[in-house]
Amino acid sequence: MTTKELKQKSVEYRKKILKYIVKAKAGHTGGSLSCTDILNVLYNEVMNVSPENFTSPDRDRYIQSKGHTVEALFVVLADQGFFPEEDLETLCQYKSHYIGHPTRKVKGVEQNTGALGHGLPIAVGTALAGKLDQKNYKVYTLMGDGEMPEGSNWEAALTAAHYKLDNLCVIVDKNTLQITASTADVCNTDPLDEKWKSFGWAVKEVNGNDVDALKEVLQSLPFEEGKPSVLIAHTTKGKGVSYMENVLKWHHGVPTKDEYEQAIKELDESLLTI
Amino acid sequence: MAEQINTLPYKANLEVYSETLQRLAETDRNIIAVTSDSRGSGKLVPFGKKYPDQIIEVGIAEQNLVGVAAGLASCGKKVFATSPACFLTARALEQIKNDVAYSNNPVNVIGISAGVSYGALGSTHHSLHDFAALRAINNITVVAPADNWETAQAIELAANIDEPVYLRFGKKPMPLLKENNNEKFEFGKGRVIAEGNDVLIIGCGETVYPALEAVQILKEKGIAATVVSMHTIKPLDTALLARLASTCKAIVTVEEHSIYGGLGEACASYLLQHGICKPFKIVGIPDEYTVTGSQGEIFDHYGINKEGISKVVEALLK
């Protein structure tokens, strides 16, 4: 895709994320909007995974550790053709498979996640299997900066470095806010880059809402031979909707009808400037 | 299958676990042991020496152990995540629940030195909660083999089914309960070790042997006992339970576990809900931090021995 097409795709995804959150009357709005560009670039430009190869042992794997932003994942998976988008009309409804966190009942989802601090250990096991089987696939896991204090992450970080898993890439969606307050106020994990480096990882940072920059950096994996890679993606929570950006209440706020219309208007207008 | 099984008696089930895993790994490079600095206590040192590419060490990090195991299993590896049962099923319970059971990653979760195997090391090292915790989790089979034969069979079966399994092993050498006569081992199917009409004694893991020893004492008092090795706590062999419970005069369960939430309560729940009401007693560890001692001393203290089981039976039949 061209840069323009990728940017347009991100806007399209954001509109759909909001549409289905409003329909479901539930969702993790701000975080879904912060990670939209990351998912866009991963699925459209970086990863070798599709509905056609999803059962192939050679496919790339994506494990969403920050499972609560499932709306972004479901919208992108629908766009990739894993399931009809209209299925998302049932999001969070009685008896729907489209629940508020990733579940393998939905085609395209690798692992059931949602409890924080679980994605990375599973990703490490998946990457280890790739090394054992001499496969070329890569494993990507998206984590939130709010889940960095989970101890299991750091256990897994040690294992990944110990086994030199350069087929593994963590992307931290560093939007700096979590449900209670800023991550710095709740439990400061900065300097995050130094922490990962000290655990033996190759670290890069990027503007996580810049599709061009994301594309460039994610196509340069591994960042260092023999080391797992971590990309600290600086993002804006609620990205793309002025009144949501960096506002705490949109962690899982659901827009009213008027707010939704305003958001769509802004997103549509942003298309004109791409 | 049966003729391949090592039937030498008086080994710890853990040793048979390791031997069986080595034998399976000879022809299956997908057999993977994952350990948390526990290859020694898991008797996996020979496995690691023989198959260095098939053992993953994560250090003392049980949550990570289970998550890594889930990832490996999702890629077709036959994973045996091995760690002391006390830590594995408490600290990593959420990983067992979510990453293994809920995600349906067919990990074999191996709880070693289970129950009060660590004896005098104290309650931090006892696992008297694991049946209760895991019984309440959907999609995981819970197994406590009683002897070397059951252990070898269970490991072989676990390696070849595509489902999550929890297997629990003690450290003590365990005599064979009976000679193998081409019996078929299945998860969810209890084994009748002795037969008698008066009382039904149901054990699992390392408590089946003392139950079997109690048979002789009871016999001398004119009481005939059936003894069942209910190696699979979940799914419970309810058909066998109902059949045997219907014809006996009293039922005793024996387990190396809290009296809450384990084998005994599983049996009681089924029987009561199906209208089979007989004098019933659960022998296990009461709701307290145990007395200090070896496994044997702790068993004796709480009556998990032939004398204690016999007394409970006699009291129920009075």
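Mentor: We will take the terms one by one, on a model that is predicted.

Trainee: Why is V109(A) called buried?
Mentor: Count its neighbours. The cut-off is 20 or more other C-beta atoms within 10 Å. V109(A) has 24, so V109(A) counts as buried.

Trainee: Where does V109(A) sit in chain A?
Mentor: In the loop between α4 (70-80) and α5 (119-132).

Trainee: What makes P102(A) a contact of V109(A)?
Mentor: The test is C-beta atoms within 7 Å. P102(A) passes it, and T103(A) and R104(A) are also touched by V109(A), leaving aside residues up to four places away in sequence.

Trainee: How far apart are V109(A) and Y62(A), in sequence and in space?
Mentor: They are 47 residues apart along the chain. Their C-alpha atoms are 7.9 Å apart in space.

Trainee: Now the sheet. How do you know that β1(A) and β2(A) pair?
Mentor: Pairing needs at least two bridges. Four bridges join β1(A) to β2(A), residues 139-144, and the two run parallel. Look at R61(A): opposite it, in β2(A), stands V139(A).

Trainee: What holds paired strands together in general?
Mentor: Backbone hydrogen bonds, in a parallel or an antiparallel arrangement.

Trainee: What is the strand order in the sheet of chain A?
Mentor: Five strands run β1-β2-β3-β5-β4, with parallel pairing, and the sheet is open.

Trainee: Why are β1 (61-64) and β4 (202-207) of chain A called edge strands?
Mentor: Each of them pairs on one side only. The average twist from one strand to the next is 20°.

Trainee: Which strands does α5(A) touch as it packs on the sheet?
Mentor: It touches β1, β2 and β3 (168-174) of chain A. The direction of α5(A) makes about 170° with that of β2(A). Helix α9 (residues 211-218) of chain A packs on the sheet too, touching β4 and β5 (229-234). Its angle with β4(A) is about 160°.

Trainee: How many residues of chain B are in contact with chain A?
Mentor: 22 residues of chain B, against 20 residues of chain A. On the chain B side, α3 (62-74) and α5 (93-102) each give two or more residues. α3(B) gives the most, with nine. By type, that side has nine nonpolar, nine polar and four charged residues.

Trainee: What does the UniProt record say about residues 11-176 of chain B?
Mentor: The unreviewed entry carries the annotation "domain: Transketolase-like pyrimidine-binding" there. Over residues 11-176, chain B is 40% helix and 19% strand, and the end C-alpha atoms are 9 Å apart.

Technical notes. Residues numbered from 1 in each chain as written. Chains lettered and ligands numbered in written order. Predicted model: local features only at pLDDT ≥ 70, side-chain atom pairs only at ≥ 80, totals over all residues. Buried ≥ 20, exposed ≤ 12 C-beta atoms within 10 Å, placed from the backbone. Contact = placed C-beta atoms within 7 Å. Nonpolar A, V, L, I, M, F, W, Y, C, P; charged D, E, K, R; others polar. UniProt positions renumbered as here; feature names shortened; annotations may be inferred. Axes fitted to C-alpha atoms, helices over the stretch in contact; angles between N-to-C directions.
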